[in-house]
Structure formats: C-alpha cells, structure tokens
Amino acid sequence: MADLTSNFLGISSPNPFWLASAPPTDKEYNVRRAFEAGWGGVVWKTLGMEGPPVVNVNGPRYGAIHGADRRLLGLNNIELITDRPLEVNLAEMTRVKKDYPDHALIASVMVPCEEAAWKEIIPRIAETGCDGFELNFGCPHGMAERGMGSAVGQVPEYIEMVTRWCKEATDLPVIVKLTPNITNILMPAQAAKDGGADAVSLINTINSITSVNLDAMSPEPMIDGKGTHGGYCGPAVKPIALNMVAEIARNPGTHGLPISGIGGVTTWRDAAEFMALGAGNVQACTAAMTYGFKVVQEMISGLSQWMDEQGYNSIDEIVGRAVPNVTDWQYLNLNHVTKARISQDDCIKCGRCFAACEDTSHQAITMSEDRVFDVKDDECVACNLCVNVCPVEGCITMETIAPGAMDERTGKPVVDEYANWTTHPNNPSAAAAE
Amino acid sequence: MAHINRENGVAAGRLDPTQVADNFTDLHPEYDGHEALVAADRCYFCHDAPCMTACPTSIDIPLFIRQIATGTPEAAAKTILNQNILGGMCARVCPTETLCEEVCVRETAEGKPVEIGRLQRYATDTLMASNTHPFTRADKTGKSVAVVGAGPAGLSCAHRLAMLGHDVVVFEARAKGGGLNEFGIAAYKSTNDFAQRELDWLLSIGGIEIRYGQSLGDGITLDALQSDFDAVFLGMGLSAVNALGMDGEDKDNVSDAVDFIAELRQASDLTSLPVGRRVVVIGGGMTAIDAGVQAKLLGAEDVTIVYRRGQEAMAASSFEQELAQQKGVTLICNATPVGVEGNGSLTGVTFAYTETQNGKLVTLDETFTLPADQLFKAIGQKLGDTPDALTLEGGKIKVDDAQRTSAGGVWAGGDCASGGDDLTVTAVAEGRDAAMDIHTSLMGAS
Ligand SMILES: Cc1cc2nc3c(=O)[nH]c(=O)nc-3n(C[C@H](O)[C@H](O)[C@H](O)COP(=O)(O)OP(=O)(O)OC[C@H]3O[C@@H](n4cnc5c(N)ncnc54)[C@H](O)[C@@H]3O)c2cc1C
Ligand SMILES: Cc1cc2nc3c(=O)[nH]c(=O)nc-3n(C[C@H](O)[C@H](O)[C@H](O)COP(=O)(O)O)c2cc1C
Ligand code: SF4
Ligand code: SF4
Ligand code: SF4
C-alpha cells in the first residue's frame with residue numbers, strides 16, 4: 001500500500017489533502033468533522049484584525065455554472081474573510097490542534113498592509129499551536145477594495161515586504177497564497193520567495209461574473225438589484241491553476257519553491273495532476289462545498305490505488321514528476337507526425353467529427369452515403385479536434401507515423417530526428433542566428 | 001383489497017374505479033423541467049442526424065432538443081410543429097422504437113436512445129399550455145379546398161393550406177374530429193382528452209371550417225367537390241374492416257377490435273364499459289395489442305392474443321409486444337381460428353396450429369379451444385367505398401410522390417392512400433406534402 005503521509009514544509013499530515021481556507025474551515029465544528037472524515041489538514045478560514053469583525057452581505061453570496069444534470073462546474077463567491085471575532089477563532093483553533101496533533105492546522109491571515117499589524121497578530125496566532133501561516137494575498141472582492149487581499153497580491157513589492165515582516169515575526173513556516181488575477185504568476189511567486197516565504201499556495205479565486213439576470217439586468221448573485229464581481233473556483237478553474245503551478249515549478253528562478261496546489265481539485269486524479277506538476281500537496285474547497293467532507297474518501301482511495309498500480313511508494317515520488325516535460329512551444333518536435341484514426345467498430349456514426357473538421361478545421365474527414373467516416377491522411381494536420389468532439393472515448397486516436405513512412409499531407413517521408421521552431425527555416429530569428 | 005368482479009360473460013365494473021383510473025394513466029408520463037434538461041443533454045447534435053431521416057415528417061430533432069436544453073421549449077415546439085402540426089399527438093403515439101429512436105446513435109452506442117418522443121411531448125405541451133398558436137395565416141389567396149376526413153391526414157393538410165392563405169372546408173362523417181386520434185389510439189397514450197384539445201388548438205389558426213356528419217358518398221359526391229372547390233384532398237382513412245369469413249362470426253360478444261376501442265375511447269366512465277372475463281383477440285398488429293391490453297386493464301381475467309404467423313412476423317413492434325406481456329396478456333403465435341363455439345353467446349374459440357412450409361403458411365390438423373366470453377377481431381382495416389374515378393393500388397387510393405390521385409385536382413394521403421406505413425405521423429407527413437403540392441399547383445395556375 002502506498003504511503004500517503006504528507007510532509008509539506010515539515011508539517012506532517014496523514015494525507016496530502018487539505019481543506020483550503022474558506023467556509024469549510026470556518027469553525028471548530030466544521031474542522032473537527034473534516035478531520036474525522038479524513039482530511040489531512042485545514043487552512044483555517046482567514047483571520048483578520050482584532051476588534052469588530054467584517055460583515056458579509058445578507059443576500060446570496062454564490063453564483064454558479066452548471067454542466068449536464070446541474071453538475072456544479074464553477075462557483076463564484078463574494079464572501080469576505082471570517083466574520084467571527086478573532087478571540088473565538090483562536091480559542092477554537094487551540095482546542096482543535098490539541099485534539100488533532102497529527103493533522104495539519106494552518107492559520108490564514110489578512111490584516112492591513114502595516115508592519116505593526118502583521119507583527120502583532122502573527123505571534124498571537126502562533127499561540128494556538130498552529131503548524132504554520134498562510135498569508136491571504138488573494139481574495140479578489142471586498143477585501144481588495146480595502147487595500148488587502150489581492151490588492152497586495154497584485155503588487156510584488158508588497159508581497160515581498162509583508163512576507164518578510166511575517167518571517168521576522170515567527171519561526172513557523174509561512175506560505176504565501178497567490179492571486180491568479182495578475183498577468184504573470186512568476187512575479188508574485190518570485191516576490192514571495194525573495195521575501196523568504198517557505199512556500200506559495202495557488203490559486204485563490206478568479207475575478208468573475210458567472211451570469212447575468214436577464215430580467216433584472218444585473219449580475220448574479222444579485223443583491224437588491226445589483227451584483228458585483230466575485231471569486232471563481234471549482235472544476236472550471238483547474239486548467240488555469242495547473243498552468244500557474246507548472247510555470248512556478250519549471251521557472252529557474254522559482255523552481256524548488258514548495259507549492260500547495262489549489263483550484264478545482266475535485267477527484268484523486270486532479271490531485272495527482274497538481275502534484276505531478278510540482279505541488280507538494282493540494283487544497284480543496286469547492287469539492288467539499290459541493291459534496292460535503294466525505295468526498296475526501298474517494299480522493300484517498302483513488303490516489304492510493306493509482307500509486308499502487310504505478311508502483312509509487314510515497315508522495316515525494318510523484319511530486320514534480322511531470323515538470324521536466326512542460327516546455328515552451330518553440331521546443332516541441334516539429335518532426336513528430338500523427339494522424340487521426342477512427343475505429344469503425346467503436347464509431348456510432350454521429351457525424352460530429354465530420355462537422356467539426358469539415359466546417360472548422362481541415363476538411364480531412366469524409367462521410368459516405370451510409371455514414372462511414374474516414375480520415376484523409378493527405379489533409380489531416382493532426383489537430384486533435386475530432387478526438388475532442390467525438391462522444392465515444394477512444395474511438396478516434398492519434399497514430400504516430402513512423403520515421404521513414406510517408407506523410408501524405410506533405411508528400412515527404414517522416415524524419416527521425418528532433419527539430420523545433422528555433423532552427424526551422426521559416427523562423428526569421430533562426431535564420432538570423434545562423 | 002381491490003374488488004374484482006369474476007362473473008362469467010361480458011360485464012361492466014370488473015375493477016374499482018381507482019384501479020381503472022390507475023391502469024389508464026399515461027404510458028409515457030410527461031417530463032418535469034429538470035428531467036427534460038437531463039434527457040435533452042444526452043443528444044449529441046449529430047451531423048445530418050439519422051433520427052431526422054427516420055422521422056416521416058423530418059423534424060429537425062437535434063435542433064429542437066438543443067432548444068430545450070437551452071431553456072427555450074417554445075422555440076423547440078415551433079421547430080417541431082413547423083414540420084408536423086400534430087407533433088403533440090405524434091409525441092404520444094409514434095412507435096419511436098421503430099422510427100427516430102431506433103436509429104439514434106445512442107441506441108447504437110449503449111442501447112438507450114435519446115428519448116425523442118418524450119422530449120417532443122415536453123416541448124409541444126409547454127407551448128400548448130401557453131394557449132398560443134405559433135403560426136399565422138398568409139394573405140388570403142381566394143382559393144378554397146375541400147378536405148374529406150378530419151383525421152391526422154386531413155387536419156395536417158387543412159392546417160398547412162389555411163396557413164398558406166387558402167380557405168378550407170373539412171367534411172367529416174362522424175360527429176367529432178380527430179379520426180383515429182379520437183377513436184383509435186389506445187387510451188393510455190392520449191390522456192385527458194388530448195385529441196380534442198389538440199384539434200381545437202390546431203383550428204385556432206383560422207380559415208378552417210369543419211362540417212360534421214357529412215360523408216363523401218352519402219349525399220356528397222367527388223364531382224360536386226371538384227366543381228365547388230379549387231382542389232380536393234381525401235383523408236378518409238380505412239373505414240371498413242376485414243372479416244374472418246367463418247361461421248359463428250355473428251354470435252353475441254364477437255366484434256371488431258376497432259369498435260371496442262372506439263367505444264372505450266368515447267366512454268365517459270370506463271367502469272361502465274363491459275368486458276369479458278376471458279377475452280380472445282385475433283390479429284398481430286397494433287390494433288390487436290391495443291384491444292388486448294385495454295381489455296386487460298379494464299379487468300378481464302384472461303386475455304389471449306392469437307396470431308397466425310410467428311412472433312417475428314407480427315406488425316406490432318417488440319415494444320408493443322412486451323407491453324402486452326407486461327400487462328399480463330398472453331401471446332399465442334402460429335395458430336389460426338377454425339371455429340367459434342357457443343350457442344347464441346360465445347363460449348370459446350377453436351384454433352388450428354400453423355406452420356410455415358417453403359415460405360407458405362400451412363394449417364395443421366392439431367387444434368385447441370380457448371374458453372372465451374368475448375372475441376375481438378383485429379385482422380386489419382380496409383378502404384371503404386370510394387368514388388369510381390379513383391384508381392386503386394393494393395386496396396388503397398393510388399397516389400404519386402406528390403400525393404396526387406388519378407383524378408384531376410384530387411389529392412389523397414394517410415391510411416387511405418397508397419405508400420407509407422399506416423401511422424399517425426405518416427398521415428401527417430402526407431397531408432402536409434399534399435397541401436404543399438396543392439398550393440404550388442393553385443398558385444402556379446393563377
Ligand atoms: C386501434 C388503432 C391503434 C393505432 N395506434 C397507433 C399508434 O399508437 N401510433 C400510430 O402512429 N398509429 C396508430 N394507429 C394508426 C393511425 O391511427 C392511423 O395511421 C392514422 O390515424 C391515419 O390517419 P388518417 O387521417 O389517414 O385516417 P383516420 O385517422 O382514420 O381518419 C379518417 C377520418 O375520415 C373520416 N371519414 C372516413 N370516411 C369518410 C367519408 N366517406 N366522408 C367523410 N369523412 C370520412 C373518419 O371519420 C375519420 O375522422 C392505430 C390505428 C388503430 C386502428
Ligand atoms: C465561499 C468561499 C470563501 C473563500 N474564502 C477564502 C478566504 O477567506 N481565504 C482564502 O485564502 N481563500 C478563500 N477562498 C478561496 C479558496 O480557499 C480556494 O483558494 C479557491 O476556492 C479555489 O479552490 P477550489 O477550486 O477547490 O474551490 C474562498 C472560496 C470560497 C468559495
Ligand atoms: S485531427 Fe484535425 S485535421 Fe485531422 S481529421 Fe481530426 S479534426 Fe481533421
Ligand atoms: S465523432 Fe466519433 S462516433 Fe461520431 S462519427 Fe466521428 S468517429 Fe464516429
Ligand atoms: S441520433 Fe440521437 S443523439 Fe443524434 S441528433 Fe438524433 S437524437 Fe440526438
């Protein structure tokens with residue numbers, strides 16, 4: 001049996017599945033039950049300054065995108081940080097950590113961008129016995145308007161500065177949670193590293209309007225006739241999060257900086273993908289909010305089955321394993337030729353591949369009178385669109401044309417050696433470099 | 001415990017009213033909104049969709065299903081009704097398992113087609129519930145057309161003609177319109193008086209006058225219609241039935257299945273409708289199944305359908321056969337009736353076994369007798385008397401691809417015309433196509 005124990009920044013937890021800072025981790029009642037259900041760790045719902053807590057709206061806070069059968073694909077929220085008093089949260093965290101010493105408990109923090117504020121609160125929170133801190137530089141709504149959250153996360157200098165303050169205030173690990181609402185994720189990641197962060201976690205939610213109420217002409221969720229942009233999360237954001245994680249993992253400047261992967265983790269496979277791209281563990285929020293805490297049981301059993309099947313013994317063996325294969329477009333092998341192949345046995349003759357290729361691609365699929373679909377090798381550019389639109393998994397596949405065999409489209413034999421754009425004759429820079 | 005009347009003979013009230021009401025509820029109940037969305041989502045929006053080709057009225061199925069999926073069932077209904085004005089009835093009665101759903105690629109893929117019929121019903125019911133009619137009449141052409149028969153063929157033709165601006169007069173022999181929608185279709189397929197509601201809704205386009213109790217051949221001649229109107233469409237269905245040609249056919253409680261069904265469809269209280277304790281139905285088509293199943297649902301203790309050929313040769317689809325078996329009806333194949341037993345009243349029916357030898361049906365010597373209080377004959381309907389001017393083909397009015405008969409200015413469609421299956425949807429398609437051709441010929445001539 002694979003060992004799922006996670007040791008992220010020296011913080012051990014029974015498995016790499018943590019609940020992200022959000023409603024599921026808002027209070028003792030939830031967190032105890034989350035641990036009992038099997039979650040390895042939690043990042044407590046973001047704490048703010050002492051004194052009167054923030055207030056949330058009293059109308060709807062969530063909007064959603066649904067797929068077939070109302071499957072929740074994307075969630076959007078306009079919730080703020082914890083709206084419960086600091087002392088209450090701290091007392092609860094202390095009790096929980098005492099009762100669950102083997103589970104990870106991280107404190108998420110967001111206070112105004114002043115040194116005194118951070119240096120005052122960090123040691124106070126440390127007294128709970130928490131295992132580390134996560135600095136919330138990500139919240140894109142409400143808090144940002146007050147100069148916190150993503151307002152900090154969008155300015156690398158602030159990230160570096162606040163991170164440094166926190167590192168000076170504690171010996172515990174400090175994780176910097178990044179906002180995806182920037183143009184280049186490497187800059188905030190680098191700033192966090194420069195400030196001394198032990199790790200980054202990403203992504204926080206993405207600025208979004210999920211839908212518009214066409215009767216009231218207002219964004220949803222609508223409160224008294226008006227709406228505002230919220231933070232988008234759930235399965236729909238995973239591709240964006242995966243790319244940002246991979247960029248940090250493969251960039252020489254940030255390579256090696258531990259990453260806690262967040263954004264749309266819903267199944268064991270999502271988690272494995274984040275980890276393959278360099279995340280040391282993962283955090284999930286929407287999955288728990290959609291299905292309840294029990295969903296982690298599938299993540300645990302699935303990850304462990306897959307690791308057993310693959311012969312991986314520990315989490316460390318999978319972390320970052322796919323990173324070397326993430327490259328720039330210009331280094332992709334232009335001599336690698338594939339062609340679409342339709343399995344006539346599997347084909348159900350829906351004609352979607354034909355419509356897609358004929359109307360929007362390369363007119364490389366033929367349709368006979370009796371609905372037999374075939375690929376014309378002399379037209380197929382191997383774009384993969386037909387594979388993606390075919391409703392039958394595995395019905396259309398991409399066959400690699402062996403070196404030496406003819407590529408019917410170019411009329412030339414496939415060349416064995418690797419050659420990329422940097423040396424391609426059509427590349428003006430390549431010619432200049434010679 | 002529900003009360004069951006086991007009295008021999010033919011008697012009313014065999015079951016409790018609640019039990020009867022329960023038995024005659026919708027065969028394919030309507031979807032609620034969410035169910036419809038889930039069902040619609042299964043459609044792949046096929047290119048040049050096979051289902052569309054299989055639909056006799058060529059409804060753009062992928063389009064209407066997508067319109068449901070995107071929350072616009074009214075637009076979906078318009079897509080349907082544009083091709084098939086009786087899309088509501090067809091959604092209920094089409095043997096989809098041998099039409100659109102049979103060729104759905106998801107049937108090929110996983111043996112579970114997209115439920116096209118039920119989706120069609122969802123769309124058309126939604127639109128009809130809003131009490132609107134999606135079509136308006138074109139400017140009046142000044143032409144008038146006579147339609148004979150207010151069944152699916154006649155109504156479809158009349159509606160299309162009215163829409164194109166012609167004035168239509170429908171001559172209907174009965175006191176009520178709808179044809180077999182009203183008098184033939186099984187009660188559990190068309191509940192809550194749907195046939196009449198659909199008829200009223202269809203007529204709300206305007207420009208269609210129905211004259212009830214007016215029969216071609218009984219005071220009205222084809223010649224007269226030809227001279228009084230610019231064109232004539234014949235959609236009078238099959239008003240005669242085949243006879244067994246056997247002694248004893250005239251005994252009490254021996255009747256035509258279509259009459260039993262018509263009576264059932266018109267009964268205001270099903271518990272008042274008498275049915276035998278032991279019922280035998282002779283035939284192998286939809287009518288035999290419908291008569292057998294409905295007799296059973298009324299409370300007949302034993303119902304046996306006897307068909308002279310093998311089961312694979314039955315005209316009723318396998319879905320219909322399974323339905324019968326599921327309701328507790330017994331199917332006996334390869335047996336042909338040779339005697340009707342009883343003194344005055346029926347007591348049993350004697351059958352001889354049959355066998356197919358060298359492609360020919362042969363009656364064997366061995367016989368058996370089924371005790372029976374009631375016998376229904378469902379061995380096929382045929383054309384009633386038709387005007388001499390019309391050429392017949394295979395017992396039906398001969399028509400060409402445009403539904404033209406051999407008589408000038410006379411078109412025909414539906415069950416009475418040659419070509420196509422005897423189905424509601426086919427009648428609708430033929431009525432519509434005839435209307436289009438009538439329109440072309442009337443407008444071209446002016
Ligand atoms: C018992 C039974 C069950 C069926 N079940 C199904 C089913 O589930 N699904 C399906 O698709 N099909 C079914 N059918 C077949 C379907 O009902 C017919 O194919 C369809 O009704 C044919 O339409 P039509 O307009 O041609 O004829 P009809 O529906 O027969 O209508 C003909 C109309 O013309 C009138 N008429 C007749 N003679 C004259 C005259 N001389 N002058 C004036 N008016 C006249 C009649 O009164 C009638 O109103 C069933 C048929 C039967 C008998
Ligand atoms: C309702 C809601 C409230 C959230 N509140 C916080 C918060 O207080 N602090 C924080 O760092 N992230 C917060 N998040 C972001 C999540 O921690 C997480 O980064 C994001 O939802 C992406 O993960 P997911 O796709 O698994 O949901 C919140 C998310 C949701 C849905
Ligand atoms: S891979 Fe692209 S070009 Fe080739 S057949 Fe498929 S859709 Fe057409
Ligand atoms: S999309 Fe797939 S199933 Fe559909 S016709 Fe093409 S190959 Fe066949
Ligand atoms: S064949 Fe089936 S899946 Fe394809 S368009 Fe028709 S209903 Fe949809």
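Take B:Cys94, which is in no disulfide; its nearest cysteine sulfur belongs to B:Cys90 and is 4.3 Å away. B:Cys94 counts as buried at 17% relative accessibility, where buried means under 20% relative accessible area, exposed over 50% and partly exposed in between, with a 1.4 Å probe and protein chains only. A:Cys350 is buried too, with a relative accessible area of 6%.

A quick word on conventions. This is a predicted model, in which local features need pLDDT of at least 70 and side-chain atom pairs count only at pLDDT 80 or more, while totals for chains, interfaces and linings use all residues. Residues are numbered from 1 along each chain as its sequence is written, chains are lettered from A and ligands numbered from 1 in the order in which they are written, and side-chain values use heavy atoms, with hydrogens and water left out.

Now to chain A. It is divided into domain 1 (6-325) and domain 2 (329-423), with bounds that come from an automatic or database domain assignment. Taken over C-alpha atoms, the centres of these two domains are separated by 40 Å.

Let's turn to the ligands. A:Cys350, our buried cysteine, is one of the residues surrounding ligand 4, and A:Cys347, A:Cys353, A:Cys390 and A:Cys395 are also among them; here a residue is near a molecule if one of its heavy atoms lies within 4 Å of it. That shell divides into ten nonpolar residues, one polar and one charged. For these classes, Ala, Val, Leu, Ile, Met, Phe, Trp, Tyr, Cys and Pro count as nonpolar, Asp, Glu, Lys and Arg as charged, and the others, Gly among them, as polar.

And ligand 3? The residues around it include A:Cys357, A:His362, A:Cys380, A:Cys383, A:Cys386 and A:Met398. Its shell has ten nonpolar residues, two polar and no charged.

On a 1 Å grid over the protein atoms alone, a cavity is a set of points where a 1.4 Å probe fits but cannot get out, a pocket is an open set with protein on both sides within 12 Å along at least five of seven lines, and lining residues have an atom within 4 Å of a point. Grid points are joined across faces, edges and corners, and a volume is the space filled by probe spheres set on the points.

The largest cavity holds about 450 Å³. Of its 38 lining residues, A:Ser21, A:Ala22, A:Asn204, A:Thr205 and A:Cys285 lie nearest the centre. Which element gives the most to this lining? That is H9(A), with three residues; helices (H or I, at least four residues) and strands (E, at least two) are DSSP runs, numbered from the N terminus. By class, the lining has 20 nonpolar, 14 polar and four charged residues.

The second largest pocket has a volume of about 530 Å³ and is lined by 22 residues, with B:Leu37, B:Asp41, B:Arg66, B:Ala69 and B:Thr70 nearest its centre. Both chains take part: helix H11 (352-360) of chain A and helices H2 (33-41) and H4 (61-69) of chain B each supply at least two lining residues. H2(B) gives the most, with five.

To finish, B:Gln294 lies in helix H15 (residues 286-298) of chain B and counts as buried at 0% relative accessibility. Thanks, everyone!

Conventions:
Disulfide = S-S within 2.5 Å.
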